[in-house]
Structure formats: C-alpha cells, structure tokens
Amino acid sequence: MRAIVIKQYGGPDVLEIQERPLPTPTPGHVLIEVKAFGLNHAEVYFRQGVWGDVSEISGIECVGLVKADPTRRFTVGQKVVALVGGMGRSTNGSYAEYTLVPASNVASVETGLSWEDLAAIPESYATAWTCLHNNLALVAGQTLLIRGATSALGQAAVNIAAHLGARVIATTRNPQRAAGLDSLGAKETLLESPELNGRVRERHPAGIDAVLDLVGNTTVLDSLAMLRRDGRVCLAGFLGGGGPIAGLEPVFQIPSGRHLSVLATALVTGGAEYPLSEIPFQTIVDRVADSTYQAKPSRVFNFQDIREAHRLMESGQANGKIVIRT
C-alpha cells in the first residue's frame, strides 16, 4: 500500500510517499480501507517531533470501508469513521491506503455524503460534542464563548452549540471571517486578544456561562476571568501554542468558584471514561447531510499533495477543515 511517512522530524518536506506492507488484522482491531482523512494540528506536532517519538505513518482520523474485522463487530464493506486510539502516535495512523484501528475507536455510519465531506466530521465534531455536552454541560439559553472559532473544531462547536439553543460568542483574529461565523450560528463575533475578558464583561457584567478555549495556555486565565460564578472553561486546543503558564498562582489568578477542565481527545476518546458510544455520529452525519450543521471541508487535496496541505494548515489560512482524498 501507499503510505505517507515521516522520514525525519521537521517541516512539511519530511513527509514522503512510500510503499509499506498492508497491516495484518488482529483481534480487537479493524482494518480500514481509507477513502479520505482530515488534517489536525496534532499531526504538525507529530511531524516536528515536539511530542517525542511517534509512528512513522501519521494521521489521527479517517473515513473508509471495513476491509477486515476478526471480532466480527463490523462487516466487510461497512462504511465507518475512525479516530485517535493511538493512531499516528503509538501505532501507524491514517496517512495511508489502509490503517488498523482499535474497534473501540471505530463507528459505523450510513450516509450518502461524499468521502471528502464525511472526512470533515470525525475528530472535529467528536471533540466539539464531548466538550459542549460533557465538560461544559451546556444547555439551551446559556451564553458560550468559543475562542479560536474559525478553526475546524471551533466551527463544529459553533454549529453544535447554536443548534442546541445556546447564545454563541465567537472569536477570530481576522475580522473578515466574522460573516462566516455568523452564518454558522454565532450571535456575536469579537476580535481575539489577550485581555478579552474586559470587553466581554462590558457586555455581560455578571459574567458568562461557559468558554471553549481552543487558543490554549496563553488565554485560559483570561477565559476564567470572564465567567460567572459556577461557570465553566474547557481547554481543548493550543492554537496559540503550548508550554507552561509562567508564574501561575492559582489561588490569586483563578477566580473563586469557577471550573476548569481539559479534554485531551487523543488520550481518552474510545476509553472507559469517554466511550465512542457517547458520540452520536449517525445523528451528526445526518445533520451535516441536511445542512443543519455546515461541515464542508475548506480545502481538499490529493494524497500526493500532503506537503502543500501541511503548509496550508501551518499558515493558519485554511479557515476550516483540510481533507485529503486517497
């Protein structure tokens, strides 16, 4: 099979298409014929070696057809989505024509969506759904601010939260993208800044109910400062970079009675605490199909153009999900 491998850690040019043996089906795993896959910022960190040694074949999600399942949970030819479960980190991932994924991290779907459109869904919508429904326990009528809303994950969260009946405030670094966020369901769009809480408090003096922070450690304290008492922040992205928060003093910097949680999808999704069964993929796919959720990929590349796709992702100009067709 063809596979995109990491020759050595570095920039997009280290990605190279090579031939690799077809994975051997093993009990508890599903062999998937990959039809398309979405790109994720985690794969940039894999490629750069920032997160230590990883598998030579990257990719944490895909859509495709079941080729083999020794446990017979899935049938050959069944349409599935797959995500994380060690893909790209501890085991070879989805940047290939075939991939082997733990059965716990595979879900079947029935849909007429194209492979490219379907590939825009798994990781972004699974993460957004879990953040909003579990970590933030968001309900209709609440006010939610999404930092980094023009990212693929941010756009998924705007879609889901608006449909749920929440009042969504979205942030972006580019004012020209405000109209796009409005079309997804955002009621208000603010320019991202390190001290955003001041502007939010001007409009909401008592504080807001929840923040989904996809910018990361550089903004999370500011996000906590804009909450009402008992409000919640979920940290689920690092668009602004990682690294420790220098000089952190929680007692003095985190307002009393506010709640902070983290969702590290790659580490927990499909496990005992975050089973894939909690994510209604069929419902999500159906809502994309009937345009309730707007989840079209922002760009689609061919397999051989993976380097160009990674360059676009790193540029921050994708404005949504980048998808690779195999």
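**Reading a predicted model**

Student: How many of the residues in the protein chain are buried?
Tutor: Buried residues make up 52% of the 326 residues in the protein chain. Keep in mind that this is a predicted model.

Student: Why is His204 called buried?
Tutor: Buried means under 20% relative accessible area. His204 has 18% relative accessibility, so His204 counts as buried.

Student: Where is His204, and what is in contact with it?
Tutor: His204 is in the loop between α6 (197-203) and β11 (208-213). Leaving aside neighbours within four places in sequence, His204 is in contact with Thr143, Arg167, Ile169 and Glu188.

Student: Why is Gly257 called partly exposed?
Tutor: Set the value against the cut-offs. Under 20% is buried, over 50% is exposed, and partly exposed is in between. Gly257 has 35% relative accessibility, so Gly257 counts as partly exposed.

Student: Where is Gly257, and which residues does it touch?
Tutor: Gly257 sits in the loop between α8 (250-253) and β13 (259-262). Not counting residues up to four places away in sequence, Gly257 touches Arg229, Asp230 and Gly231.

Student: How do you know that strand β6 is largely enclosed by the rest of the structure?
Tutor: Count its buried residues. In β6 (residues 98-102), 5 of the 5 residues are buried, so the strand is largely enclosed by the rest of the structure.

Student: What makes both faces of β6 covered?
Tutor: Start with a rule. In a regular strand, side chains alternate between the two faces of the sheet. Now look at β6. Tyr98, Leu100 and Pro102 lie on one side, and Thr99 and Val101 on the other. These residues are all buried, and both faces are covered.

Student: How do you know that β3 and β6 pair?
Tutor: Pairing needs at least two bridges. Strand β3 (residues 29-38) is joined to β6 by 5 bridges, so the two strands pair. They run antiparallel. Glu33 stands opposite Tyr98 in β6.

Key: Residues numbered from 1 in each chain as written. Predicted model: local features only at pLDDT ≥ 70, side-chain atom pairs only at ≥ 80, totals over all residues. Heavy atoms only, no water. Buried < 20%, exposed > 50% of the residue type's maximum accessible area, 1.4 Å probe, protein only. Helix = DSSP H or I, 4+ residues; strand = E, 2+ residues; numbered from the N terminus. Contact = heavy atoms within 4.5 Å.
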